[in-house]
Amino acid sequence: MADEKAVKFPVEATHIMMFRRSIGDYSVPDTGMEDAAAPPTFPQSVAQFDPDYFLRLKPGVDWFGSGKNPSGVEGKPASSGGLHAEQHFEFERPVRPGDVLYATQLGGKTWEKESKRAGKLMFSERITEYRDENGELVCTARGVGVKTERPVDQG
């Protein structure tokens, strides 16, 4: 039984094919995709199914964005905003077309380090478990983000 907070993630052959193409992986021919396992970083595409994904644009809500000029944000940011520092995936089995996964966020560790150019560096870990419809663990993803106390000195 899936956790009610879990994001439902249906895995389709076409989704895997498009993901492979987006990362430049043409190792699997267009025929037979229905049997091809997803690439190791594929679970991150669960964001397409999560309405609360933290980088998703939300109509009517100011969004920092990723363009040259951030949309909806006034003034200079107090920090770098944050960087993705690490990503790890541990698989119990391959992700295949036809799977229906349920992604659940778990608490992770936090820690700090001191930096000469940006002050305090604040690290946080995001752990996501991907389970199948039987509740069996398929993959655990662990990402580490870092925020700075102030923008990095350029000098």
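This note goes through a predicted model point by point, from the overall fold to single residues.

1. Overall make-up. The protein contains one helix and six strands. Their order along the sequence is β-α-β-β-β-β-β. Of its 155 residues, 32% count as buried. The accessible surface of the protein is about 10,500 Å², and carbon and sulfur atoms supply 53% of that surface. Among contacts with a separation of 6 or more, 60% are between residues 24 or more positions apart.

2. The helix. Helix H1 covers residues 13-22, and its buried residues are His15, Ile16, Met17, Phe19 and Arg20. These buried residues pack against strand S1, residues 7-10. Gly24 follows H1 and has a positive phi, near 80 degrees.

3. Nonpolar side chains tend to be buried together in soluble globular proteins. Here the largest nonpolar core has 15 residues, and those that touch the most other members are Phe9, Val11, Phe42, Val46, Val95, Leu101 and Tyr130. Two or more residues each come from S1, H1, strand S3 (100-106) and strand S6 (137-148). S6 gives the largest share, three residues.

4. Aromatic pairs. Six aromatic pairs are found in the whole structure. In the pair Phe9 and Phe42, the ring centres are 5.6 Å apart and the planes stand at 20 degrees, so the pair is stacked. Phe19 is buried, as is Phe42.

5. The aromatic cluster. Phe9, Phe19 and Phe42 belong to one aromatic cluster, together with Phe49 and Tyr130. Phe9, Phe42 and Tyr130 were also named above among the residues of the largest nonpolar core.

6. Glu125. What is the burial state of Glu125, buried or exposed? Its relative accessible area is 10%, and the cut-off for buried is under 20%, so Glu125 counts as buried. Glu125 is part of strand S5, residues 119-131. Its side chain has two polar partners to check in the model. The backbone nitrogen of Lys109 is reached by the Glu125 side chain at 2.9 Å, and the side chains of Glu125 and Arg142 are joined by a polar contact of 3.0 Å. Not counting residues up to four places away in sequence, Glu125 touches Gly108, Lys109, Trp111, Arg142, Gly143 and Val144.

7. Asp50. This residue sits in the loop between H1 and S2. Asp50 is buried, with a relative accessible area of 18%. The Asp50 side chain reaches the backbone nitrogen of Asp52 at 2.9 Å. Apart from neighbours within four places in sequence, Asp50 is in contact with Val7 and Arg56. Asp50 and Ala6 are 44 residues apart in sequence, and their C-alpha atoms are 9.3 Å apart in space.

8. Glu133. Glu133 is in the loop between S5 and S6. Its relative accessible area is 51%, and Glu133 is exposed. Computed along the sequence, Glu133 and Leu101 are 32 residues apart, while the C-alpha to C-alpha distance is 6.5 Å. Leu101 is one of the core residues listed in point 3.

How values were computed. Residues are numbered from 1 along each chain as its sequence is written. This is a predicted model: local features need pLDDT of at least 70, side-chain atom pairs count only at pLDDT 80 or more; totals for chains, interfaces and linings use all residues. Side-chain values use heavy atoms; hydrogens and water are left out. Helices (H or I, at least four residues) and strands (E, at least two) are DSSP runs, numbered from the N terminus. Buried means under 20% relative accessible area, exposed over 50%, partly exposed in between (1.4 Å probe, protein chains only). Contact means heavy atoms within 4.5 Å. Accessible areas come from the Shrake-Rupley method with a 1.4 Å probe; for residues, only the protein chains shown count as cover. A nonpolar core is a set of buried Ala, Val, Leu, Ile, Met, Phe, Trp, Tyr and Cys residues joined through side-chain atoms within 4.5 Å. Rings of Phe, Tyr and Trp (its six-membered ring) pair if their centres lie within 6.5 Å; planes under 30 degrees apart count as stacked, over 60 as edge-to-face and the rest as tilted. A polar contact is a pair of N or O atoms within 3.5 Å; within protein, one must be able to donate a hydrogen and the other to accept it, and residues adjacent in sequence count only if both atoms are side-chain atoms.
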